[in-house]
Amino acid sequence: MASNHTAVHCLPPMKATSNGIFQGESPIDYALPLLIIQMCLVLVFTRALAYLFKPLKQPRVIAEIVGGILLGPSALGRNKTYLHAVFPPRSLTVLDTLANLGLMFFLFLIGLELDLNSLWQTGKKTLSIAVAGISLPFGLGVGVSFILRGTISEGVNAGPFIVFMGVAMSITAFPVLARILTELNLLTTDIGKTAMSAAAVNDVAAWILLGLAVALSGSGRSPLVSLWVFLCGLGFIILCSVTVPPVFKWMARRCPDGEPVDEVYVCTTLGLVLAAGFVTDAIGIHALFGAFVIGVLIPKEGALAKALVEKVEHLVSGLFLPLYFVSSGLKTNVATIHGAKSWALLVLVVFTACFGKIFGTIAVSMACKVPFVEALTLGILMNTKGLVELIVLNIGKDRGVLNDQTFAILVVMALFTTFIATPLVVVIYNPKKRLAEPDCPEVGSETC
């Protein structure tokens, strides 16, 4: 392995553009034309898979995760000629950089979707469901981490690995869940609102825990380093909480509804997102955290927030996010899951993730007098992972907390739990039948 790294480092860096085929140069030996080929391949491949998965009512993220895995060493990447021609090692830095830049702005958009004022007003029932949806799977994830450290993850740093496993098991993908509920026409129903509120609380708690895990994983010399990283991250959040909202309220007052938003406000906001990403990366957390914090703190009312979503969302979700899935897929080799022990561990991880989320949600929901069918549906919806899970796993792998085999097992778990959500909800809850019965109460009722 070391020799491969050495060989890559000995290669000269790729130039941006070629002089053309008529000058005897191959475009795929240069960064920009190769990146264009990669982006076109990714878009065509993932869109084709999304079309194939559409009859199954799967969110597009499923097609993008599967597409990323298939383009990587798990499937097409087994052909080394293809892998070294289309995704040569020298090009991966450019691909990863562009993918993470897009991901930064996607996390900014997720932050824009989270309304802290609504979270503070969350009822006891929703808060209880959210706490159960994160505490039980987190505890089970900690238990599984000890089993993995004794088998396929020997030698990893115990502290970060335990926290990463807990977060990986307990997280709910807020944006993916929103798209599933929209697809099923449940977003504005009682069960949809409960699921979204619980998922939002869940995600905020999970990001806080992930920040702790990243701080711990960065300790290379002294335990005090982790403490400094955590305190600086906390200071960054407090500073932003004091300074960012007044600035954006001032901007919002100068962007009245029904009128075009001045471009200077949009550019200033995007520049602030980049600056926040730089600060958190310099602290040692991750650039994504800075972008997420800025998104959360921007006021949701007014034309400015709407303009930001309109100008950023389609470019990021349509063009840059698929690159992130391919970047993740290139790190995922399903072939590392081999032998009875590895497959048994995969089954254990999948069962633990599903059991913790679904059982914890059902138990608390029924204690709040939610009927069993609605409680089970909430548990299945809360078990949705997808993109946010991949972000957690990629950070863990980049930090050296997750090895190749553990990473592959957790990616398969994320794919499975997200894939089963829609079909199970359709079978168990039957949204079309429920929506056709207006007199039938939903979450919170004891009888129908």
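Leaving aside its neighbours within four places in sequence, S145 is in contact (heavy atoms within 4.5 Å) with F161, I162 and M165. S145 belongs to helix α7, and at 0% relative accessibility it counts as buried, a term that here means under 20% relative accessible area, with exposed meaning over 50% and partly exposed covering the range in between (1.4 Å probe, protein chains only). The model is a predicted one, in which local features need pLDDT of at least 70 and side-chain atom pairs count only at pLDDT 80 or more, while totals for chains, interfaces and linings use all residues. Residues are numbered from 1 along each chain as its sequence is written, and side-chain values use heavy atoms, with hydrogens and water left out.

Eleven of the 13 residues of α8 are buried, so the helix is largely enclosed by the rest of the structure. Just after α9, N185 takes a positive phi of about 60 degrees.

Helix α15 can be followed through S365, which is found in it. S365 is buried, with a relative accessible area of 0%, and, not counting residues up to four places away in sequence, it touches I129, V370, A375 and L378. Beyond the end of α15, K369 lies in the loop between α15 (339-367) and α16 (372-382), where it has a positive phi of about 65 degrees although it is not a glycine. With a relative accessible area of 53%, K369 is exposed.

D115 sits in the loop between α5 (92-113) and α6 (116-120) and is partly exposed at 24% relative accessible area. The C-alpha atoms of D115 and L297 are 8.7 Å apart in space, although the two residues are 182 positions apart in sequence.

Helix α14 (residues 303-329) has 27 residues and reaches 37 Å from its first C-alpha to its last, close to the 39 Å expected at 1.5 Å a residue. It bends by about 40 degrees at V316, the bend being the angle between axes fitted to the seven residues ending there and the seven starting there. Helix α14 is mostly covered, with 19 of its 27 residues buried.

The largest nonpolar core has 140 residues, of which L107, F108, L210, L387 and I391 touch the most other members; such a core is a set of buried Ala, Val, Leu, Ile, Met, Phe, Trp, Tyr and Cys residues joined through side-chain atoms within 4.5 Å. Not counting residues up to four places away in sequence, I391 touches L103, L107, W207, L288 and Y324.

For the protein chain as a whole, the secondary structure comes to 20 helices and zero strands, where helices (H or I, at least four residues) and strands (E, at least two) are DSSP runs numbered from the N terminus. The radius of gyration is 22 Å, close to the 22 Å that the globule rule gives for 448 residues, so the chain is as compact as a globular protein of that length; the radius is taken over C-alpha atoms, and the rule is 2.2 Å times the number of residues to the power 0.38. Buried residues make up 52% of the 448 residues, and residues 24 or more positions apart account for 78% of the contacts with a separation of 6 or more.

Conventions. Expected span 1.5 Å × (residues − 1).
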